[in-house]
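Dear colleague,

I am handing over the structure we spoke about, with the sequence alongside. Please have a look at it first, and then read the notes below.

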Amino acid sequence: AGLTRAQHQAMRRAPARRASGGSAPVEVLPERDESIPAQPTRASRASQAQRPRQRQRRRIIGDIVVLLVVATLLWFTWPVRFGGHANFVVVHGHSMDPTFRSGDLVLTRKQGSYRVGEIAAYRVPKGQYGAGHGVIHRIVATEGDAYVFKGDNRATQDPWRPKASDIVGRLVLRIPLPGETFWALLPWAWCLAFGVAVTWMFWPTRATRRGREHAI
């Protein structure tokens, strides 16, 4: 029992040997041919059938993770001028020493309202001296619907009284890198991140590549 067809055929062709003492001929079974692959069991077939599904599930999970990472980065860094809520400000001067250093890149986000003690970037209101000039200082007080700002390294308050509509956003992240260089490279970084995500999503799986190789 359990012999393969090749073993049965070898048994028929094998000569019968007589045992010593004149006993009846005894057939000697040939050794099992190890080159003949064993028949797969039901468990092994089920395991092989599940492997493509497992790889497909892992690929789907990987795609979801990549999309979430890219979407989170875009949500945090998409500029206001393109419809987002983020803005990048390059620090110039020493009015915020030692909180900031000249050349730092600061990420801010637009808010509906701001609180005293927060660091925020604003533009000088229209009609005032230096209108449109960007400033990033700390909110030290409020005057009605306007905010009072002062640099951490200054003894006097800012002469301007911007409102919430004039504020670019409050501090979210300080990046101690050359701000001008980082700002210039930022669009390329977005393109690179988007290209990596698209390449990952459309890159063929191992099973697909094997199928193409067999087709060729």
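Two strands are taken to pair if DSSP finds at least two bridges between them. Please keep in mind that the model is a predicted one. With that criterion, strand β6, which covers residues 134-143, pairs with β7 in the antiparallel sense over 5 bridges. Within this pairing, threonine 142 stands opposite tyrosine 147 of β7.

These two strands belong to an open sheet of 6 strands, whose order is β3-β4-β8-β5-β6-β7 and whose pairing is antiparallel. Because β3 (86-90) and β7 (146-150) stand at the edges and each has a single partner strand, one side of each is left without a neighbour in the sheet. Neighbouring strands of this sheet are, on average, turned by 50° against each other, if direction is ignored.

The peptide bond that joins aspartate 97 and proline 98 is cis, with an omega of about -5°. As background, most peptide bonds are trans.

Ile61, Val65, Val69 and Leu73 make a nonpolar surface patch of about 360 Å². One of these residues, valine 69, has its place in helix α2, which covers residues 42-77. Valine 69 has a relative accessibility of 45% and therefore counts as partly exposed, the class that lies between buried, under 20%, and exposed, over 50%.

Conventions
Residues numbered from 1 in each chain as written. Predicted model: local features only at pLDDT ≥ 70, side-chain atom pairs only at ≥ 80, totals over all residues. Heavy atoms only, no water. Helix = DSSP H or I, 4+ residues; strand = E, 2+ residues; numbered from the N terminus. Axes fitted to C-alpha atoms, helices over the stretch in contact; angles between N-to-C directions. Patch = residues over 30% accessible without salt bridge, like charges linked within 9 Å, V, L, I, M, F, W, Y side chains within 5 Å. Areas by Shrake-Rupley, 256 points an atom, 1.4 Å probe, with all protein chains shown as cover. Salt bridge = Lys/Arg side-chain N within 4 Å of Asp/Glu carboxyl O. Buried < 20%, exposed > 50% of the residue type's maximum accessible area, 1.4 Å probe, protein only.
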